[in-house]
Amino acid sequence: TQSTRPQRLLGAVQKNATRGDPRSVVRAIDHFCRHKEWAMNVGDEKGCILDSVVSEVNPAAVLELGTYCGYSTVRIASLLPPHAKLITLEFNPDFAAIARQVIAWAGLEEKVQLVEGASGDWIPKMKEQFGVKTFDLVFLDHWKDRYLPDTKLMEECGLLRKGSVLLADNVICPGTPDYLEYVRSSPRYTSQYFKSHLEYTKVEDGLEKSVFLG
Ligand SMILES: O=C(NC/C=C/[C@H]1OC[C@H](O)[C@@H]1O)c1cc([N+](=O)[O-])cc(O)c1O
Ligand SMILES: [Mg+2]
C-alpha cells in the first residue's frame, strides 16, 4: 500500500539523522522538504526566528498548537532548559503517530508531552490534567481559523500571565487575518511582525510575536 508523506518524512529522519541529535533531525527534515517533498513544517528560515524567540523567553512551560510531524516540537524542545516542559497538541492521529517517532529519534521524549485531540477541548483542561499554571510561550501553528478562538480561550482559562509570549506561524500565508487584527489592536498585547517566507519557498510569510500584558 502507498505510504503517506509524513511516513516518508519519518523514513528520511531514520535514514539520515543521528539518534539523540535534534539538530540532525531538523537538518534531515529540511533536506527532505527542500529536495524531495514540500511539507508544512515551520522550516529553516522561520525556524531561526522561532529559535531566537525560544532562547530569549527561556520558557519553563511551552504550549505548541499543531504538532504535525514534530519538526518545530524538536526545534523548541532542543533549546529548553532542564526540567522545562513542552506540551504539544495534535488533532490528527496519523500525524501524532509520526511525530512521536520523530521526537523519540531526537531523544526528546522526556521534555515533550504530545496530546492527541482538539485544542478547543484540551485548553480548558490544561491545569487539571497537566498541572500547568500558565504558559511562558505558546507556538500557534494549527488550523488558521483556530488561532483567535483558542487565544481567547487561553485568556479565559487563565493560562496566560503578564509577559507570556504568543508566537504565531503563517500570519500571511495561508494567513490568519482575524487573529492578526486582534493581537495588533488589543490593548492587552504588544505585537511585532517578523517578515520571512513560507517554508521552503519564496512566497512571503511571517511570524507574529505578541506579548500578553495581563
Ligand atoms: O494548515 C497548516 N497548518 C495547520 C495544520 C492542520 C492540520 O494538521 C494539524 C491538524 O491536525 C490538521 O490536520 C499550514 C498550511 C501551510 N500551507 O502552506 O498551506 C503552511 C503552514 O506552515 C501550515 O502550518
Ligand atoms: Mg505553519
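Are D141 and N170 buried or exposed? Both residues are buried, a term that stands for under 20% relative accessible area, with exposed over 50% and partly exposed in between (1.4 Å probe, protein chains only). The model is predicted, so local features need pLDDT of at least 70 and side-chain atom pairs pLDDT 80 or more, while totals for chains, interfaces and linings use all residues. Residues are numbered from 1 along each chain as its sequence is written, chains are lettered from A and ligands numbered from 1 in the order written, and side-chain values use heavy atoms, without hydrogens and water.

**Metal site.** D141 (OD), D169 (OD) and N170 (OD1) coordinate the magnesium ion (ligand 2) at 2.0 to 2.2 Å. Donors are N, O and S atoms within 2.8 Å of the metal (3.2 Å for Na, K and Ca); water is not among the atoms, so sites may look incomplete. The donor spacing in sequence is D-x27-D-N.

**Cores.** A nonpolar core joins buried Ala, Val, Leu, Ile, Met, Phe, Trp, Tyr and Cys residues through side-chain atoms within 4.5 Å.

| Core | Residues | Members include |
|---|---|---|
| Largest | 43 residues | L9, V25, I29, V74, I76, V102 |
| Second, separate | 28 residues | A61, L89, V138, Y182 |

Beyond four places in sequence, V74 is in contact (heavy atoms within 4.5 Å) with residues including P22, V25, V102 and L108.

**Cysteines.** There are zero disulfides, a disulfide being a pair of cysteine sulfur atoms within 2.5 Å. The sulfur of C173 lies 15 Å from the closest cysteine sulfur, in C33, which is too far for a bond. C173 is partly exposed at 22% relative accessibility.
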